[in-house]
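Okay, thanks for making time, everyone. Let me put the structure up, and then I'll walk you through it.

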Amino acid sequence: MKILVTGGLGFIGSHTVVELQNEGFEVVIIDNLSNSSEEVLKGIVAITGKTPVFEKLDLREKTSVQDFFKRHTDVASIIHFAASKAVGESVEKPLLYYENNINTLIYLLQELEQKPEAHFIFSSSCTVYGQAETMPINENAPIKPAMSPYGNTKQIGEEIITDVAKVSNINAILLRYFNPIGSHPSAEIGELPIGVPQNLVPFITQTAIGLRKELSVYGGDYPTNDGTCIRDYIHVVDLAKAHVVALQRLLNCQNVDKIETFNLGTGTGSSVLEVINAFEKVSEQKLAYKIVDRREGDITSAFANTDKASNILGWKTQSTLEEAIASAWKWEQKVRNV
Ligand code: WQD
């Protein structure tokens, strides 16, 4: 049985391919290389010694998707990462996001609904909660109006999958990530942001390596202990392992409902300044940063209630914040040949 990983050369996708191969699964990757490169394939092989099938394909082309499934008739399980994910860009280019994140999802589901049995793992995000009323956030927290077209595509995607699962042979699990950071301990794969990083940890490591002058901390006047925003930073390898556990749950028919939802986080919130302090500790160097105005659209605090993932899915994170940050730093140094 082959597992299709869309966006499998991306940050979370590539780490998930490694964990799938480690568990003995045969993997087929679809990636259009819009936010990744074939070099990532070498990194995967360097870690596992196994070469996944890779097809460069744009999922926005319905006929390409149909052709793929004619050639891979034994694919009935999909882990779907392929999507555009820059919050700011989605505000400027909403149609690009609705086309790339929604149309592609529909074309994949149209193929799966023809199968006698199918399994679908969806890459969702804690962004669907907006600023939740209570911390930690559990899966029953209300879905708030999206703050960006990117966040809206995740909400709409969840609704589409839910509606389709009800009337088809598709069993699905929605995985709502908190903040993925870090890289594989081998430093063979990691986060490769194109251009100026939007996310905190790659901006920190690029500042420390000398690529960026200094980190701008977006806001020091939030109602938190130190005035900076709180997030739940989860090691990408822990996150990848959760996808394998979720897939196995569906393959073994252990799911209680045709559509299940899990928050994936550490359960611990860390402020921006705490992340900076952790970086300075693991790197043994000072980070240049300044506190500036808040970033439009940022929420104050978000961290996961991990009870459902732990008690039902049987998964919890293993890595500490410092271990995750140390892996990100090791990767940055490797990429810059330091
Ligand atoms: C974290 C904190 C910033 C950069 C987004 C998406 C989410 C997921 C992860 C895709 C915030 C602060 C950041 C910087 C800073 N994306 N920050 N200086 O916004 O929590 O989540 O990325 O799946 O869906 O919403 O992550 O890393 O951008 O920000 O001070 O240069 O770091 O204000 O408080 P975010 P982030």
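This is a predicted model: local features need pLDDT of at least 70, side-chain atom pairs count only at pLDDT 80 or more; totals for chains, interfaces and linings use all residues.

If you want to click on the contact, helix 1 brings F11, I12, H15, T16, E19 and L20, while helix 8 brings V236, V237, L239, A240, K241, H243, V244 and L247. Remember the general rule here: an α-helix has 3.6 residues a turn, so residues three or four places apart point the same way.

Let's stay with helix 8 for a bit. This helix covers residues 236-251, 16 residues in total, and reaches 23 Å from its first C-alpha to its last, close to the 22 Å expected at 1.5 Å a residue. Is helix 8 mostly covered or mostly uncovered? Mostly covered: twelve of the 16 residues are buried. After helix 8 comes C253, with a positive phi near 55°.

With a relative accessible area of 1%, L250 is buried, the cut-off being under 20%. What does L250 touch, once we leave aside neighbours within four places in sequence? The contacts are H119, F120, I121, N171, A172, I173 and N255. For N171 there's a distance too: its C-alpha is 6.9 Å from that of L250, although the two residues are 79 apart along the chain.

Seven strands make up an open sheet, with parallel pairing, in the order 3-2-1-4-5-6-11. Strand 3 (53-56) and strand 11 (259-264) are at the edges with a single partner strand each, so one side of each has no neighbour in the sheet. On average, neighbouring strands here are turned by 20° against each other, ignoring direction.

Some details on the pairs. Strand 4, residues 75-80, pairs with strand 5, residues 118-125, in the parallel sense over four bridges. Within that pair, S77 stands opposite H119 of strand 5, and H119 is one of the residues L250 contacts. Strand 1 and strand 2 are also parallel, over five bridges, and K2 has E26 in strand 2 as its bridge partner. Strand 2 is mostly covered, with five of its six residues buried.

What about helices lying on the sheet? Helix 5, residues 94-112, lies across strand 1, strand 4, strand 5 and strand 6, and runs at about 160° to strand 5.

Last stop: helix 7 (residues 200-209) and helix 11 (residues 321-335). They pack at an angle of about 50°, with axes 10 Å apart. That makes helix 7 oblique to helix 11. This crossing is right-handed. On the helix 7 side we have V201, P202, T205, Q206, A208 and I209, meeting A328, W329, E332 and Q333 of helix 11.

That's my tour, so over to you.

Note on methods
Residues are numbered from 1 along each chain as its sequence is written. Side-chain values use heavy atoms; hydrogens and water are left out. Two strands pair if DSSP finds at least two bridges between them. Helices (H or I, at least four residues) and strands (E, at least two) are DSSP runs, numbered from the N terminus. Axes are lines fitted to C-alpha atoms, for helices over the stretch in contact, and angles run from 0 to 180 degrees between N-to-C directions. Contact means heavy atoms within 4.5 Å. The expected span of a helix is 1.5 Å times one less than its number of residues. Buried means under 20% relative accessible area, exposed over 50%, partly exposed in between (1.4 Å probe, protein chains only). Angles under 35 degrees count as roughly parallel, over 145 as roughly antiparallel, 65 to 115 as roughly perpendicular and the rest as oblique. A crossing is left-handed if the near helix is turned anticlockwise from the far one by less than a right angle, and right-handed if clockwise.
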